[in-house]
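Subject: Structure handover

Hello,

Please find the structure below, sequence included. My notes on it follow.

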Amino acid sequence: MVSTPPTCAPSLDPMPMKPLAGLFLALACVLGIAATGSVFELAYGDPDLGVTLTRWILGLTLPATVGSLLVAIRLNKPA
């Protein structure tokens, strides 16, 4: 009797991303880029948009990034 060894092949049924979760993930990426740019603008000199506006952008995009990412994760969780 010949037995075949078990294989470590990846699953052929990956969990697809729900469209709304993908939208929130894309939003989190864009907001994260804006927050990162604001940090560099504030850290390395005179921001192009001014210090006050750049601080406002950073203050709004930082929590929005985390929130969008958490919403995307929750939306894509299996039921």
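What follows covers the conventions, the fold, the helix packing and a few individual residues.

This is a predicted model, in which local features need pLDDT of at least 70 and side-chain atom pairs count only at pLDDT 80 or more, while totals for chains, interfaces and linings use all residues. Residues are numbered from 1 along each chain as its sequence is written, and side-chain values use heavy atoms, with hydrogens and water left out.

Overall fold

The chain has two helices and zero strands; these are DSSP runs numbered from the N terminus, with helices being H or I of at least four residues and strands being E of at least two. Helix 1 covers residues 19-43, and helix 2 covers residues 51-75. Of the 79 residues, 18% count as buried. Here buried means under 20% relative accessible area, exposed means over 50%, and partly exposed is in between, with a 1.4 Å probe and protein chains only. Among contacts in the chain with a separation of 6 or more, 66% come from residues 24 or more positions apart, a contact being heavy atoms within 4.5 Å.

Helix packing

Two packed helices are described by the angle between their axes and the distance between the axes. For helix 1 and helix 2 the angle is about 150° and the axes are 7 Å apart. That makes helix 1 roughly antiparallel to helix 2. Axes are lines fitted to C-alpha atoms, for helices over the stretch in contact, and angles run from 0 to 180 degrees between N-to-C directions. Angles under 35 degrees count as roughly parallel, over 145 as roughly antiparallel, 65 to 115 as roughly perpendicular, and the rest as oblique. The crossing of helix 1 past helix 2 is left-handed, that is, the near helix is turned anticlockwise from the far one by less than a right angle (clockwise would be right-handed).

Residues along the helices

The contact lists below leave out neighbours within four places in sequence.

Phenylalanine 24 lies in helix 1 and is partly exposed at 26% relative accessibility. Phenylalanine 24 touches Ser68, Val71, Ala72 and Leu75. Its C-alpha atom is 6.7 Å from that of leucine 69, 45 residues away along the chain.

Valine 30, also in helix 1, is exposed at 55%. Between valine 30 and threonine 65 the C-alpha distance is 8.2 Å, with 35 residues separating them in sequence.

Threonine 65 sits in helix 2 and is buried, at 16% relative accessibility. Threonine 65 is in contact with Ala28, Leu31 and Gly32. Its side chain also reaches the backbone nitrogen of glycine 32 at 3.3 Å. A polar contact is a pair of N or O atoms within 3.5 Å; within protein, one must be able to donate a hydrogen and the other to accept it, and residues adjacent in sequence count only if both atoms are side-chain atoms.

Isoleucine 33 is in helix 1 and is exposed, with a relative accessible area of 61%. The C-alpha atoms of isoleucine 33 and threonine 61 are 9.0 Å apart, at 28 residues along the chain.

Serine 38, in helix 1, is buried at 5%. The contacts of serine 38 are Thr54, Ile57 and Leu58.

Glutamate 41 is in helix 1 and partly exposed, at 30%. Asp46, Pro47, Asp48 and Thr54 are in contact with glutamate 41. The glutamate 41 side chain reaches the backbone nitrogen of aspartate 48 at 3.1 Å. From glutamate 41 to threonine 54, 13 residues along the chain, the C-alpha separation is 7.7 Å.

Aromatic pair

There is one aromatic pair in the structure. The ring centres of phenylalanine 40 and tyrosine 44 are 5.9 Å apart and the ring planes are at 10°, so the pair is stacked. Rings of Phe, Tyr and Trp (its six-membered ring) pair if their centres lie within 6.5 Å; planes under 30 degrees apart count as stacked, over 60 as edge-to-face, and the rest as tilted. Phenylalanine 40 is partly exposed at 48% relative accessibility, whereas tyrosine 44 is exposed, with a relative accessible area of 66%.

Regards
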